[in-house]
Amino acid sequence: MRYTVLRRRMAEEFGEVRADTLARDHVLAALGERTVNQALEAGWEPKRVWSVLCDSFEVPGGRR
């Protein structure tokens with residue numbers, strides 16, 4: 001998964017404003033106590049980050 005695909009899926013699932021806020025401000029334990037942006041900057045694969053978000057926010061399987 002590319003970074004742009006991750007951002008698009010986040011916007012589709014959470015809405016653009018909430019997706020931006022989640023990426024910037026929401027710290028997730030499963031990302032090593034990082035935000036989405038911090039995890040990506042630390043080298044996490046976008047697909048793995050998306051998986052963590054889906055698990056954390058209980059995104060149904062059909063939208064993962």
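The largest nonpolar core holds 18 residues, and Met10, Leu31, Val36 and Val49 have the most contacts inside it. A nonpolar core is a set of buried Ala, Val, Leu, Ile, Met, Phe, Trp, Tyr and Cys residues joined through side-chain atoms within 4.5 Å. The elements giving two or more residues to this core are α1 (3-14), α2 (16-25), α3 (36-41) and α4 (46-56). The most comes from α4, with 5 residues.

This is a predicted model, in which local features need pLDDT of at least 70 and side-chain atom pairs count only at pLDDT 80 or more, while totals for chains, interfaces and linings use all residues. Residues are numbered from 1 along each chain as its sequence is written, and side-chain values use heavy atoms, with hydrogens and water left out.

**Fold and overall dimensions**

- The chain has 4 helices and 0 strands; helices (H or I, at least four residues) and strands (E, at least two) are DSSP runs, numbered from the N terminus.
- Along the sequence, the pattern reads α-α-α-α.
- The radius of gyration of the chain is 10 Å, which agrees with the value near 11 Å that a compact globule of 64 residues would have. This radius is taken over C-alpha atoms, and the globule rule is 2.2 Å times the number of residues to the power 0.38.
- The C-alpha trace spans about 25 × 20 × 20 Å along its principal axes.
- Of the contacts in the chain with a separation of 6 or more, 44% are between residues 24 or more positions apart; contact means heavy atoms within 4.5 Å.

**Packing of α4**

- Pro46, Val49, Trp50, Val52, Leu53 and Cys54 are the buried residues in α4. Buried means under 20% relative accessible area, exposed means over 50%, and partly exposed lies in between (1.4 Å probe, protein chains only).
- These buried residues of α4 pack against α1 and α3.
- Leaving out residues up to four places away in sequence, Val49 touches Leu6, Leu31, Val36, Ala39, Leu40 and Trp44.

**Positive phi outside glycine**

- Glu33 is not a glycine, yet its phi is positive, at about 60 degrees. Glu33 sits in the loop between α2 and α3, and with a relative accessible area of 54% this residue is exposed.
- Glu58 also has a positive phi, of about 50 degrees, without being a glycine. Glu58 belongs to the segment after α4 and is exposed, at a relative accessible area of 68%.

**Segment after α4**

- Gly61 is located in the segment after α4, and its relative accessibility of 62% means that Gly61 counts as exposed.
- Gly61 and Arg18 are 43 residues apart along the chain, and their C-alpha atoms are separated by 20 Å.

**Surface and charge**

- Buried residues make up 33% of the 64 residues of the chain.
- The chain exposes about 4100 Å², of which carbon and sulfur atoms supply 45%. Accessible areas come from the Shrake-Rupley method with a 1.4 Å probe; for residues, only the protein chains shown count as cover.
- There are 11 positive and 10 negative side chains, and the centres of the two sets lie 5 Å apart. Lys and Arg count as positive and Asp and Glu as negative, while His and the chain ends are not counted. Each charge is placed at NZ of Lys, CZ of Arg, CG of Asp or CD of Glu.
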